[in-house]
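Reader: I have a model open and would like to go through it piece by piece. Can you start with the terms and then take my questions?
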Amino acid sequence: MATTQLLSLTGVSKEFPGVKALNNVHFDLNKGEVHAIIGENGAGKSTLMKILSGIYKKDTGDIVYQGNHVNVSSPLEAHKLGISIIHQELNLMPDLTVAQNIFIGREDRRKGRVFLDNAKLNKAAKDLLAELELALDPKQKVGELTIAKQQMVEIAKAVSYRGEVIIMDEPTSSLTPAETDALFKIIRTLKAAGKGVVYISHRLEELNKITDRITVLRDGEYVKTLNTSETSIPEVISLMVGRKVDQDQRPDPRPQSSEVVLKVEGISDLNLLRDVSFDLRKGEILGFAGLMGAGRTELARALIGADPKTAGKVFLDGKEVKIKSPSDAVKAGIGYLSEDRKKYGLLLIQNITFNVILSSIPAFSNKFGFLKTKPAASIVRDAIKQLSIRTPSENQFVKNLSGGNQQKVVIAKWLTRDCNILIFDEPTRGIDVGAKDEIYRLLTKLASEGKSIIMISSELPEILRMSDRIAVMCEGKLTGIIDNKDADQNKIMQYATKFRD
Amino acid sequence: MSKEVKAVEGEEVGGNRLRAFAKREIGRVLALGSLVVIFIFFTIMRPVFASWENVSGGILMSTTVTGLLAIGTTFVIITGGIDLSIGTATALVAIIVGKTVMALNLGVAGGMLVGVIVGGLIGVVNGLLITILKLPPFIATLATMKAAQGLALIVSDLKPVLFTTDVKGWDSIAQGNLIPKIPNGVLILFVGAVIAAIILNKTVLGRYTFAIGSNEAATKLSGVKVNNWLVAIYGLGGLYVGMAAVVLTSRLGSARPDLGLGYELEAIAAVIIGGTSLLGGKGTISGTIIGALIMSVLINGLRILELQQEWQYVVVGAVIVLAVWGDNVRRRRAGEIS
C-alpha cells in the first residue's frame, strides 16, 4: 500500500506571554501509521496536541489535512474534520452506560425527537464495538469497568466520530502489561483500518512495540523524526534530553547497615493484603516491585494507618508501635509520599512555605498556638536551597511548579518534620527524564545520610537502579525479597506473577 | 507550561512590592471599591444616608448580627464546609440565654457566657456529626438547623422571652457606648473581627483551616488530626453564633423563637461577596466584613430610597450574582481559574 499523507503540520509556532511554547515545529502522519511524539514535560507535546485538537490556536504555520489547508479553530471543528483526542485523564461519565458515553451529545431519538431511543443507541454501540473487536457490553455502566476498559470506550467514542486521526495522550500510564498488550491490539486494528494514530508516551520501551515513526521535541523545538526500526531507546533519550542517559544503571554499592529500623509483621487488610512481613534497615532503599494491583500502595497506606489493618504488628527500633492513623505514623517518624501528589500530597493553591511546614506546624508555634513565621521562612528557604527547588521564592504557589519541583516540596515537608523513614510511592511518576535523575540523586543522598527509604515503583529500570534490596508483591502477598546484585528484570517478573497463570 | 512562566514573571514584577500587593489583594480592593461606590451613590441620592446617625445606628448596627455570624462561618467555609444551622441556632441560643438570665438572674456577663457556651456546643455537635458520623456538612447542618428551629419553639413554649428591666444593662450590650458615638454592638463586631483575623492568620487553628480546605486528604496524610480540628473550627463558628444571639437579644430587648431563620443565608452571602471561595482554601475576615457591609448598605440605602422591601430582596439577589460573576471574570482573565 502506498503511503498517503493524512496530516501534515509545517512551521507551527505558538507563543504565550513570555514564552515560545512551539517554534517552527514539523509533523506529519500517514494513513495506517502510528507516529509517536515524545519529549520531556514542557517540550511542547501537549501544546502541539492542543493545536491539533482545536483547543489552542497556532500563531503561524500550516496544517494540511487530507490534502486541504485547514484551520482547526475549535474542538468541535476538530471533531467535524475527524481529529479525535483521548486525554490521559479519561472524560467519561461513570454513571452512564458504555453506549450512552460513546454517543453522548448525539443520542438517537424516537419520532418527535423528545424521547431517547435506547434500543437503537445500544445497537449502534454494539456494532461499533464488534467492528473494533472490543469485548464490551454496551449496557454496562462505565464506572464498573476497569481503567483499561474505560480507555477502550474512549477509543470507540473517538472512532464513532468516523475520525481519521486519533491522538492518544499517555494511554498506557495506568495499564498493566496485559492491558497494554490489549490496547496495542486495538491500535493495530485501527492501523489496519487506515486510521492515523498520534501516540504520546513517557514509556520509551513501548515505542518499539507499536510505533512506526518517532518525532522528538525539545524545549518547543523540533529535533528529529526517526524511523522506529532504525533507532534505539538510548538514541531517543539522548535526543530528548540533549545528552546521554544510562538506562541500565545500578546503585553504587553502599555500606550496608544491619540495624533494622522498621519491622513489619504479618500485615493484612480487608481486601487484598495477606500476611506481609519485611524489615527495613537503616540507610537502605528497599524497592517494592509488582504489577498494578499487587497491593503495594495498599501496604503503604495500611502501614501508615490511612486504611485499616485487620492484622499485623509494626516495630520501630525494636519497639512495637500502634499506628492507627496517619498522625500516629508521622509521630513515629514515617512519612508517606503518594503516587498522586496533587491529590494526597500537596496543597496546590497554597505556597511552598505552607506546604513545607504542614507536617511540622506545632514545632513552628508557641504554646498559645501562635505561628512563628520567621523561623519557618528560614527553614523553608534552606530546604529550597538544599533540594534545589527551582522557584523564584518560597511564596510561589505550588500549582505553578513543575512535577519534579512539586515532588521536592513534598520531600522537604517530611525532612522538615525530621522523618527517618520515607515511603516513596512512584517517586518519579509524571516527572521529566532530566528531573528524574535529580530525584534519584536526592534519594541516594537521603539514604546515605541514614534515612531509610521504601520505594514503590512500577518501572523496573528504576527499581533496579535505586534499590539495595527488592521486595516483590503479587496479589496482596509478598513473594520474595531479592538483593540487587542477584536481581534482574526477569527474576522480578517471575516473583511478580507467582500467583498468576 | 505557559502558566508556569507567567507566574514566574509575576513574581519578578513582584520586586515592586506595592504592585505585588495590589495584584494579590485585588479581589478585596475591588470589593472595598464597590462598597465605596455604592455608598457614594446613595449619599448623592439622599444626603441623609451619610449622616453618622444613619451610618452607626442604621447601617453598622444592622450589620452586627449577620456580621458576627458571617465571621464565624468564614472559618467553616474556608475548610470547604458550610453551616446552615447558624440562623436557627441564633434563635435557640437567644431563647436559652433569655430563659436562664431571667430565671437565674445571671446578669450581663453571665448571660453572655451562657450564650457563647451554648453556641459553641451547637457548633461542636455539627463538627461531631461531620467527623464521627461522616455526614456531609450540608446535611449535618441542615439537620441541626431544623432541630434548633424546633427546640427554640419548644423551649420558649412558642412565646418570646422578654428581658425585663430587672436585668440591668442588658440593652447596653449592643446599644451602650463604651466609646462615645460608637454603639457597643458595633464595637463587639469590630473586636470579634480582629480576633477572628488574628486566629485565622496567626495561629495553628487558622493554618489548619486553610490546609483542610485546600486538600483534606493531603492534610490528613501529613499527620494533622483533621477531625479534631474540624470539631474545633465548627465550635469556633458556634462561639460567634452565641455572641450574635446575645447582641440580637440586647438590640431587641427580647428573644424570639422565630427570629433567626434566614440569617444563615445572609451570612453566607456576605462571606461569598467578600471573596471567600465555597470550594475552600481561600478567604479573609476583612473580605467577609466588607461583604456584610455591602449587604447592609444596600438594604439601608434602598429603604431610604423607599424601595419596597420585596424589591430590596431582588436587588440583593442581583448583587450576589454580580459580585461572584465579576470575581470569576476577573480571576479567569488573571489565569487563576480556567
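Author: Two residues are in contact if their C-beta atoms, placed from the backbone, lie within 7 Å. In chain A, residues 24 or more positions apart account for 67% of the contacts with a separation of 6 or more.

Reader: What kind of model is this, and what are the cut-offs?
Author: This is a predicted model: local features need pLDDT of at least 70, side-chain atom pairs count only at pLDDT 80 or more, and totals for chains, interfaces and linings use all residues. Residues are numbered from 1 along each chain as its sequence is written, while chains are lettered from A and ligands numbered from 1 in the order in which they are written.

Reader: How many helices and strands in chain A?
Author: Chain A has 17 helices and 20 strands. Helices (H or I, at least four residues) and strands (E, at least two) are DSSP runs, numbered from the N terminus.

Reader: Let's pick a residue. Is Met49(A) buried or exposed?
Author: Met49(A) counts as buried because it has 20 C-beta neighbours inside 10 Å. The cut-offs are 20 or more other C-beta atoms within 10 Å for buried, 12 or fewer for exposed, and partly exposed in between, with C-beta atoms placed from the backbone. Met49(A) sits in helix H1 (residues 45-52) of chain A.

Reader: Which residues does it touch, leaving aside neighbours within four places in sequence?
Author: Met49(A) is in contact with Ile85(A), Ile167(A), Asp169(A) and Ile200(A).

Reader: Switching to sheets. What is the order of the open one with four strands?
Author: The order is S12-S11-S14-S15 in chain A, with antiparallel pairing. Strands S12 (276-281) and S15 (319-321) stand at the edges with a single partner strand each, so one side of each has no neighbour in the sheet. Two strands pair if DSSP finds at least two bridges between them.

Reader: Over how many bridges do S11 and S14 of chain A pair?
Author: Strand S11 (residues 260-268) and strand S14 (residues 311-316) of chain A pair over five bridges. Lys263(A) stands opposite Phe315(A) in S14(A).

Reader: What about the hairpin of S9(A) and S10(A)?
Author: S9(A) and S10(A) have two residues between them, and Asp219(A) in the turn has a positive phi of about 50°. The two strands, residues 213-218 and 221-227 of chain A, pair in the antiparallel sense over six bridges. Thr215(A) stands opposite Thr225(A) in S10(A).

Reader: Where is Glu133(A) found?
Author: Glu133(A) is in the loop between helix H4 (118-131) and helix H5 (147-160) of chain A. Glu133(A) has a positive phi of about 55° although it is not a glycine. Glu133(A) is exposed, with 9 other C-beta atoms within 10 Å.

Reader: Over to chain B. Where does Lys134(B) lie?
Author: Lys134(B) lies in the loop between helix H6 (107-131) and helix H7 (137-156) of chain B. Lys134(B) is not a glycine, yet has a positive phi of about 55°. With 9 C-beta neighbours inside 10 Å, Lys134(B) counts as exposed.
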